[in-house]
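Let us take a friendly walk through a protein model together. Please keep the picture beside you as you read.

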Amino acid sequence: MNLHIRTKSFRYLVLGTTLAATGLVAHAQGRKVGDGVFTAEQATRGAEAYEKACASCHMSDLRGESFAPALNGDAFGLRWENGKLGDLHKIIKATMPADNPGSLTPQQYADIVAFLLKANGYQPGQALSENPADSAQILFGKK
Ligand code: HEC
């Protein structure tokens, strides 16, 4: 009897642990840009930083001009639908502004990424890390 009870609770323990572990993995791998991955404050600060550092080439309304691609609409959607947020962040940090790459602070880069997400219709939520590596697993996916 005693043994039976112990076996049974052990089985529940294993089952419970497996479910919890599966849930954690699914959460870590399945995080999406649409799950709220930046704050409204970041996006607001980012709008100002974008205007100063990016709008001269990508335009204030993000539609792009000449060689500078649009950062919204279908162009942005198609470019990133199979991409990861960390890569967008990393590329911007390493290569933009094109005339002075890496010239902004880590906070300004994160703020600008937040602004771009907001401008593309994503909802705010938790803060976006200033380190692109922290967003390496966050997928854009289809909206
Ligand atoms: C001096 C003009 C100029 C400025 C200023 C500038 N860009 Fe760009 N940007 C470009 C050009 C040209 C390209 C296309 C060539 C390339 O990808 O390097 C580009 C490409 C991009 C891309 C697409 C990269 C990709 O792989 O799809 C993003 C995103 C981007 N810029 C964001 C920004 C942000 C954010 C800022 C402000 C911090 C900024 N740019 C400032 C000229 C500029």
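The report below goes from the overall fold to the ligand, then to the salt bridges and some backbone details.

This is a predicted model, in which local features need pLDDT of at least 70, side-chain atom pairs count only at pLDDT 80 or more, and totals for chains, interfaces and linings use all residues. Residues are numbered from 1 along each chain as its sequence is written, and side-chain values use heavy atoms, with hydrogens and water left out.

## The overall fold

The protein chain has 6 helices and 0 strands. Here helices (H or I, at least four residues) and strands (E, at least two) are DSSP runs, numbered from the N terminus. Read from that end, the order of elements is α-α-α-α-α-α. The chain has 143 residues, and 32% of them count as buried. Buried means under 20% relative accessible area, exposed means over 50%, and partly exposed lies in between, using a 1.4 Å probe and protein chains only.

## Around the ligand

Which residues are closest to the ligand? They are Cys 54, Cys 57, His 58, Arg 79 and Met 96, out of 19 residues that surround the ligand. A residue is counted as near if one of its heavy atoms lies within 4 Å of the molecule. By class, this shell holds 15 nonpolar, 2 polar and 2 charged residues. In this scheme Ala, Val, Leu, Ile, Met, Phe, Trp, Tyr, Cys and Pro are nonpolar, Asp, Glu, Lys and Arg are charged, and the others, Gly among them, are polar.

Helix H3 (55-58) and helix H5 (85-95) are the elements that give two or more residues to the shell.

## Salt bridges

Side chains of opposite charge can pair when their charged atoms come close. A salt bridge is a side-chain nitrogen of Lys or Arg within 4 Å of a carboxyl oxygen of Asp or Glu. The whole structure has 4 salt bridges, including those in this table.

| Pair | N to O distance |
|---|---|
| Asp 111 and Arg 45 | 2.8 Å |
| Glu 48 and Lys 52 | 3.8 Å |
| Arg 63 and Asp 61 | 2.9 Å |

Asp 111 in helix H6 (residues 106-119) and Arg 45 in helix H2 (residues 40-53) are 66 residues apart, so this pair links distant parts of the chain. Asp 111 is buried at 4% relative accessibility, whereas Arg 45 is partly exposed at 37%.

Glu 48 and Lys 52 are separated by about one helical turn because they lie 4 residues apart in helix H2. Glu 48 is exposed at 52%, and Lys 52 is exposed at 69%. In the remaining pair of the table, Asp 61 is partly exposed, at 39%.

## Backbone details

Most residues other than glycine have a negative phi, and most peptide bonds are trans. Where is the cis peptide bond with omega near -10°? This bond runs from Met 96 to Pro 97, and Pro 97 lies in the loop between H5 and H6.

Met 59 has a positive phi, near 70°, and lies in the loop between H3 and helix H4 (73-80). Ser 66 has a positive phi of about 50° and sits in the loop between H3 and H4. Is each one buried or exposed? Met 59 is buried at 18%, while Ser 66 is exposed at 71%.
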